[in-house]
Amino acid sequence: MSRSVINSTVYHGEVCLGEAEVFPTNNHAFPFPSNEIRISHLSPPSERCPPLSILQTISPFSVRCKVQAKSATEQSLLRRLYLSCFQEYKSAVVVVGKEELHLVAMPSKVEKVPCFWCCAVQAGLYASCLGMLNLRCLAIVFDLDETLIVANTMKSFEDRIEALSRRIDVEDDPVRVSGMSAELKRYIEDKDLLKQYIENDAVSDNGKLVGVQNEEVPGLPGSQERIVRPVIRLQERNIVLTRINPEIRDTSVFVRLRPAWEDLRSYLNAKGRKRFEVYVCTMAERDYALEMWRLLDPEAYLISSRQLLDRVVCVKSGSRKSLQHVFQDAVCHPKMAMVIDDRLQVWDDKDQPRVHVVPAFTPYYAPQAEMANTVPVLCVARNVACNVRGGFFKEFDESLLRKIFELCYENDILDLPYAPDVRDYLMSEDANVVPNSNKDVPISEGMNGSEAERRLSPPVHLGDEQQMQHQAQTSLSSLDDELSVHRASANNKSHLDSETGQITLLPSSLFIGVLQEIGRRCDCKVEFRSVIGSSKDLHFSVEVLFSTEKIGIGMGRTRKEAQLQAAENALHNLASNYVSFIAPNSGSTNRESDNASLGTENGFLRDIINPVLDEPSKNDDLVRASTSEQMAQSNDSGGFSSVLSSIRELCLEGQNIVFRDQAPASVTLNKGEHYFQVELAGQILGKGVGLSREDAKLQAAEEALRTLKATHSSQRQISNSSRCNS
């Protein structure tokens, strides 16, 4: 706590409650205008979550100041406020601009007067997340096209049939011709059904004539228009035919629903108990998107009609999706949300760790793919959602809440515990996810993004159109039938201190979050990739890639156990890298030399300024010889490992070598060639050029070994000569 004290007057509305002392924390500016703490309202009471646990989850370590009453009698208004907040799990809210400052009543071991911590959060976010956390509810965001549905109009059917026919005409492989012909047949059959629906408002399904059923579209807020659509549902085939504009037959759409959607849907809101708040984020046109969602959720169990315009979010085709855009009205924090989508790269980088990627739905190209596995794709997604929710609230209840209850007014802000994050329970998927195990799906199976808008124009305005693109605002009961998520039981895992390079103790669940933060600060992508395990007892194996370079691997009996071990190993390797990097400079007396060799501090790792190019080297390969044998095994396990072992024997204890792949300006590389250089304490020991990274790295290591041997030989000769002379 800062020692500067500011005297302030506390008001609730226009009523003066008393005088208080304000202690700003961590060099924060005094947050209250005019030295007045004006409370506008009290937050809703919480059933099970104290206010500090909610604030730490949605706005971690945001304590701006500590507030302490100067004096207070038993009947003073300020003490009454304190007792009301403390006993009913409420906070006193001061609104400053687009922020809310929450005064949280804290117990004190020393003080006999009311004491508060003041935490900042985006306006409106606390109330929304309070309800979700009390109900043990998270948010889930769905993509539509090729994730949950595939939809086509007559025009899109014709285009796809024409494109496929041309491919068949030029294909020589009889096996591929056979596969494409079967695909073409499926398109033609569904196009014929759509044609029957357009012309007759009925279709022939296995010899049985099925007519339309008029379905009334629930009214949207602000709309007086009554819309009734002619719809045909072929339930056993997961087919629905609908008309976006009931008056225009050319807006008829043939929709295939992904199998097992009902299993996932029933889990999200079982028996009226909401496990997830549901949102949709799509690049499709709004009227089309609203109707597709209505077909998926006809009873409006998941999204009520009054919520539709806010919960179905449409982004411009070609733009990137973001959770900040989905939750633009502060309805949820991204840390409490997961995404189901068939494409990862359409999401902002910061949201990608929260995306569960499913294979694209391809009912024409691979109709049996959905049921080929023991568990259908959407049942896997249901299980993932179940594990995420179970893991999140297990951590919330057993770790966060328990530690929050132990805190007092006198505690330091850094004593606040780590809050759970959905990304901790989702594996980052390989960017090269192959749809249904095939790399060459020939054509898109249904309409996407602007295509739906173009094919279905003119659009029908189902309600007041809201502007779609605008700047987002910045800023202890058991679980029901949840699948348990394995969490490491040890609470004494290590973590890299960014200031000293020392290893400090932190819970194991922090490893993944810390790695992601290092990647964010270094502008490098951190990926967890599943690999084939080599042990019969440990069934799962996961490796960590840091900007495409493998920095750690882990094995375990569950994916989560393997992921945690991989994250721990990777973090230890990065810690070793950091320590070895700063060690040569830490004892230097030449400050100018230090400044010339060090770039900007980014919190965990430092960028090197290349002395030749005088600009940051972003592609440094920070693999150290002493990090782990796994790193050596990834490069020519025979020769490379042997060379590294020899180098280690010649290095002093604590010294580490650094491999860099940034070629200086003086080195000219031919096309396809790779460059590496080996450094020790800032000195270049060896250089290598090869047709592969491994060859170049090996050459550099071998030259470094020769340099070290020559140096040691020279030192021995000098030493022997000195002894002889003496």
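At what angle do helix α4 and helix α5 pack? The model is predicted, so local features were considered only at pLDDT of at least 70 and side-chain atom pairs only at pLDDT 80 or more, while totals for chains, interfaces and linings use all residues. Residues are numbered from 1 along each chain as its sequence is written, and side-chain values rest on heavy atoms, with hydrogens and water left out.

Helix α4 (residues 154-170) packs against helix α5 (residues 174-200) at an angle of about 160°, and their axes are 10 Å apart. This makes α4 roughly antiparallel to α5, a label given to angles over 145 degrees. Axes here are lines fitted to C-alpha atoms, for helices over the stretch in contact, and angles run from 0 to 180 degrees between N-to-C directions. Helices (H or I, at least four residues) and strands (E, at least two) are DSSP runs, numbered from the N terminus. The crossing of α4 and α5 is left-handed, that is, the near helix is turned anticlockwise from the far one by less than a right angle. The contact of α4 with α5 brings together twelve nonpolar, two polar and eight charged residues. In this grouping Ala, Val, Leu, Ile, Met, Phe, Trp, Tyr, Cys and Pro are nonpolar, Asp, Glu, Lys and Arg are charged, and the others, Gly among them, are polar.

Turning to charged pairs, the structure holds 31 salt bridges (a side-chain nitrogen of Lys or Arg within 4 Å of a carboxyl oxygen of Asp or Glu). One of them joins Arg256 to Asp190, with the closest N and O atoms 2.9 Å apart. Arg256 belongs to strand β16 (residues 252-257) and Asp190 to helix α5, so this pair ties together parts that are 66 residues apart in sequence. Both Arg256 and Asp190 are buried (under 20% relative accessible area, with exposed being over 50% and partly exposed in between, for a 1.4 Å probe and protein chains only). Another salt bridge links Arg237 with Asp205, where the closest N and O atoms are 2.7 Å apart. Because Arg237 sits in the loop between β14 (227-234) and β15 (239-243) and Asp205 in strand β11 (residues 202-205), the pair ties together parts that are 32 residues apart in sequence. Arg237 is partly exposed at a relative accessible area of 33%, whereas Asp205, at 15%, counts as buried. Salt bridges that share partners also join Glu215, Arg229, Arg233, Glu291 and Arg294 into one network.

The strands complete the picture. Strand β1 (residues 6-12) runs parallel to β3 and is joined to it by four bridges, with Val10 having Ile37 as its bridge partner in β3.

Strand β21 (residues 337-341) is mostly covered, as five of its five residues are buried. Ala337, Val339 and Asp341 point one way from β21, and Met338 and Ile340 point the other way. Four bridges connect β21 to strand β9 (residues 138-142) in parallel, and Val339 is the bridge partner of Val141. Three bridges join β21 to strand β22 (residues 355-357), also in parallel; here Val339 stands opposite Val355.

How values were computed. Angles under 35 degrees count as roughly parallel, over 145 as roughly antiparallel, 65 to 115 as roughly perpendicular and the rest as oblique. Two strands pair if DSSP finds at least two bridges between them.
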